[in-house]
Structure formats: C-alpha cells, structure tokens
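Student: Please show me the structure, and then let us go through some questions about it.

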Amino acid sequence: EKRMTRPIRALIDTYALEKNLSLLRAKSGNRFLWGVVKANAYGHGLIGLLNLDNWVDGLALLDPKEGVDIRKAGWAKAVLLIEGVFAASDIDIADEYGFETVIHNENDRLNGWKKARKLKNTLRVHLKCNTGMNRL
C-alpha cells in the first residue's frame, strides 16, 4: 500500500510578521510581547524561528525540552512554560534554565512543587485565571 503525502506548505511572510508585530507593540503601549511557539513552532521548526529575538521579548511554549533546545541554540530572552509544570523535574529544568511558568488551578501540579528540590534561582510564576468559557 502506497501512502500519499499531502503537498501542504505554510510560508511565513517575515515582512508582514514584522509589520504586524510592530503595530501590536505600538497599539499596546510597548508592552512585553510573547511569541507563542508551542509544538515546534506549530510545525515550522522552532530553532529556525529564533531570529524573532528582534521582534518579541520572550517565547512561550509547552515542553521544557523545547526550552532547553532554544537555550542551547542561543536564545537568551525570556521563556514561559504556558501550561505550567507537570513534574518536579520540570521545576528543576525551569530553575536551571531560567524559565518562567504558570499556575492555573488550586491543585495545579502541587505534588510536583512539593517534591521539587530547593531552587537555586528565583523562579517567576504567573497566575493564570479562567475568565469564563475556559479562556485562560
């Protein structure tokens, strides 16, 4: 049985991206701007998008391993784990590589936090709230 692959490609217009991000920055009063790049930058290749450092202030992703990969590839700006931590080892990784994370419910991975070793660094934690209709 021969499988057909779908000839689907996504092209990113970097000029339009830069223009849109510039407009967002201006309209927001120059607020901190996160680039959400979870799931290997939605399949575009996370490492190849690290040139966003001129456009965003930090990268938000799900997997701590992706955060480690971008740190090793030279990303020095903020990294946010937007789903929080799932295990004490994730907290250790966040501590070691300077990631920020979130807590978004009362029981949010508390066992992982209780089992985490003593942190070497200050770990920034964002509180994530459900504002209705599961908008976090």
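Tutor: Buried means under 20% relative accessible area, exposed over 50%, and partly exposed in between (1.4 Å probe, protein chains only). This is a predicted model, in which local features need pLDDT of at least 70, side-chain atom pairs count only at pLDDT 80 or more, and totals for chains, interfaces and linings use all residues. Residues are numbered from 1 along each chain as its sequence is written, and side-chain values use heavy atoms, with hydrogens and water left out.

Student: Is Glu100 buried or exposed?

Tutor: Glu100 lies in strand S4 (residues 100-103); strands (E, at least two residues) and helices (H or I, at least four) are DSSP runs, numbered from the N terminus. The relative accessible area of Glu100 is 9%, so Glu100 is buried.

Student: Which residue forms a salt bridge with Glu100?

Tutor: A salt bridge is a side-chain nitrogen of Lys or Arg within 4 Å of a carboxyl oxygen of Asp or Glu. For Glu100, the closest N and O atoms of the pair are 3.8 Å apart, and the partner is Arg124.

Student: How many residues apart in sequence are the parts that Arg124 and Glu100 tie together?

Tutor: Arg124 counts as exposed, at 52% relative accessibility. Arg124 sits in the loop between helix H5 (110-115) and S5, and Glu100 in S4, so the parts tied together are separated in sequence by 24 residues.
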